[in-house]
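Work through the exercises below with the sequence and the 3D view side by side. Try each task before reading its solution.

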Amino acid sequence: MTDQVRVEVDGPLGRLVLDRPEKGHAWLAGMWTTAARLLEELAGRSDVAVILLDSSGDRVFSGGADLVELASIAGTEAGASDILHRIEGVMAAIEAVPQPVVAVVSGTAIGAGLEIAAAADLRVAADTARFGIPAARIGVVTTRTDVARIVRVAGPALAFDLLLTGRILDAHEALASGIVSFVRPAEQLREAARDLALRMAASSPVSLREMKRHLLAVSPAAAWDPDAYRSSVDALASADFRARSAALTFRRGRHDRDEQPAASEEDS
Amino acid sequence: MTDQVRVEVDGPLGRLVLDRPEKGHAWLAGMWTTAARLLEELAGRSDVAVILLDSSGDRVFSGGADLVELASIAGTEAGASDILHRIEGVMAAIEAVPQPVVAVVSGTAIGAGLEIAAAADLRVAADTARFGIPAARIGVVTTRTDVARIVRVAGPALAFDLLLTGRILDAHEALASGIVSFVRPAEQLREAARDLALRMAASSPVSLREMKRHLLAVSPAAAWDPDAYRSSVDALASADFRARSAALTFRRGRHDRDEQPAASEEDS
Amino acid sequence: MTDQVRVEVDGPLGRLVLDRPEKGHAWLAGMWTTAARLLEELAGRSDVAVILLDSSGDRVFSGGADLVELASIAGTEAGASDILHRIEGVMAAIEAVPQPVVAVVSGTAIGAGLEIAAAADLRVAADTARFGIPAARIGVVTTRTDVARIVRVAGPALAFDLLLTGRILDAHEALASGIVSFVRPAEQLREAARDLALRMAASSPVSLREMKRHLLAVSPAAAWDPDAYRSSVDALASADFRARSAALTFRRGRHDRDEQPAASEEDS
């Protein structure tokens, strides 16, 4: 599991790296648990001033939850609730670390892939990146906490559009709407992200920590209470989700075999 | 009354249509009551997956409340309070229906015309559309609930501008600021809106309903309590409103007789 | 003190003018107190319909708090708390006046210079204006109330960027992100601002006052409680702030002597 999500420390920068390129960096259940633990460890390291969320390669940031595994474990209420709590654990950990967190969106960020980028404090993107949450198409209900994160980074009007229509944004739309701070050619993105992170690392860690806390406190957010995830549990445990996700997996198998980023586009 | 606001069902799509083109689709008191009832009926129809808010013709979406009628019935506190409750009933009904609601802004959307579009979940517009709320010019106080809806779709900074200066946005400004999801030439708008709605109609109705509920819960909103409309009642019942609206009606009669969309531009 | 911040009344318009051009219109402790008093006086003048926040000259709107004075008086908790309360007094007064307040950003608006513009209801800018809050670089913690004001005008995503990276926006970025309502060549800005203010002055003062109240009520905001400024007091009273601000002042003395706007760029 550690190989599929790992930490690299480079001077004052910590990188949490997704590394499951053969499946579009789709998240397995165990990866969420590992990621939450790694973030908690980074939170306690005073030598790490800034955290980067990244993935290996440069075609996909993350295709979201692994849809095949999700369909197999979410069939019961207990299974669905367990996976949602694991996912929220990572989102909450990103917000809880005192360091600024920068998502380095090197390619497609779909479903939970976009949601995790939205949990970060800043996002930067390759000009080839795409962003979307086609949850409604497969019968998923994004939790209220993640909906609030999308509202936080996209504003309410665009958040309604992303979630109700499944609209996919390209990098320049994401820039124009303020979701990402800058866009760079894919081959220059990581160096630009590193420069930004190093400049932040020269700032006062107390200022960064306290202003991050203030920013989160005054921005849209939702409490992780049963009402925030009740309908998400029901949706994941439903026959409708199994049918819709199976249909999608089947279509992918027939048509999209050689196109992994697109293949995981509709995971969430 | 039914002729001036009616429902048409087209497969999985319900259209609530304003049809008072000779008066810029300005709302009479009875139209609000009819519209709220029609929306409640649509809410209960499981065959209707998406609702479109539209108006006949292609020059005006809605000029807002009918200013002549408004001045005549809002002269007392009871009259002013009654009309405000009717208007809020429609705004609240748009938010309460489980289906996504798309405003098809085929032309000018002014005052309550913009407010009703803001109550919708999504807005699409003709390239000839214009948006504005010149309430302050005629002594109207937009209710706190509607102010919150403008903040929701335009963001606070632009909402201050729209409400305090009466600024009119063209379609491209509305697109750039995120108020509308896309802009099309007027003659292509309805087909593009229908395509969007049909794509949504293929999604899970449970996902759409629950994510709409989450989106509304985490976005700016205000409770419909007396503080939300007290000053609006006072303003509508004031001599200042009667004088300002009479002056506007008189100017229109002299200068704008042949230009209905402009004529209702300053209603609210 | 009165010379460095003063009021001019021009028909229905009140102008609160900063006039300390030799120091980039940086605020001294006494100026905050004077400004709060002047705003309270303007609040009571029914002949003043709109208030403009302006500064003399056309290179700098305000470089923020005077860093040399700030370092000397904020070394104790009592001193740090006192200056923060004075600053908040002006921000709160801008929001409390019933009239609309328009910030006329004729040049650089940095640190508290941007925060005061954000407290205003509207912002208009010269095409040479720049905007930023490099608080983290000198170990300052922007108070939660001011963070909320930045979120209000820039949206959460850009607010995270401005506060955590110290990013400087040019006038066109500020326009595109909605922070300012319009941009004009510097030599045309004041006339354009005056035209806008006069148009507002012709509107109903009751409408403006009540809609301003609603807009503030439904937009991001934070209460001025100890949690909102506790960490700001600690930061200003810290040795880290003294060291970082002294280093900045020293660098300015060596390199930036002839360039006052840049010199005060990093104040906050």
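**Exercise 1. Find how strand 2 and strand 3 of chain B pair, parallel or antiparallel.**

Solution. Start with the ranges: strand 2 of chain B covers residues 13-18 and strand 3 of chain B covers residues 50-55. Strands are DSSP runs (E, at least two residues), and helices are DSSP runs too (H or I, at least four residues), numbered from the N terminus. Two strands pair if DSSP finds at least two bridges between them. Here there are six bridges, and the sense is parallel. For one bridge, take B:Leu16: its partner in strand 3 of chain B is B:Leu53.

This is a predicted model, in which local features need pLDDT of at least 70, side-chain atom pairs count only at pLDDT 80 or more, and totals for chains, interfaces and linings use all residues. Residues are numbered from 1 along each chain as its sequence is written, while chains are lettered from A and ligands numbered from 1 in the order in which they are written.

**Exercise 2. Describe how helix 3 and helix 4 of chain B pack.**

Solution. Two packed helices are described by the angle between their axes and the distance between the axes. Axes are lines fitted to C-alpha atoms, for helices over the stretch in contact, and angles run from 0 to 180 degrees between N-to-C directions. For helix 3 (residues 77-96) and helix 4 (residues 112-119) of chain B, the angle is about 25° and the axes are 8 Å apart. Angles under 35 degrees count as roughly parallel. Helix 3 and helix 4 of chain B are therefore roughly parallel to each other.

Next, list the residues that meet. Helix 3 of chain B brings B:Ile87, B:Val90, B:Met91, B:Ile94 and B:Glu95. Helix 4 of chain B brings B:Ala112, B:Glu115, B:Ile116 and B:Ala119. Residues are in contact if their C-beta atoms, placed from the backbone, lie within 7 Å. By class, this contact has seven nonpolar, no polar and two charged residues. (Ala, Val, Leu, Ile, Met, Phe, Trp, Tyr, Cys and Pro count as nonpolar, Asp, Glu, Lys and Arg as charged, and the others, Gly among them, as polar.)

**Exercise 3. Which helix of chain A gives the most to the side that touches chain B?**

Solution. Count the contact: 28 residues of chain A and 26 residues of chain B. Helix 5 (144-165), helix 9 (226-236) and helix 10 (239-255) of chain A each supply at least two residues. Helix 5 of chain A gives the most, with 14 residues. The side of chain A that touches chain B divides into 17 nonpolar, six polar and five charged residues.

Technical notes. Two residues are in contact if their C-beta atoms, placed from the backbone, lie within 7 Å. Angles under 35 degrees count as roughly parallel, over 145 as roughly antiparallel, 65 to 115 as roughly perpendicular and the rest as oblique.
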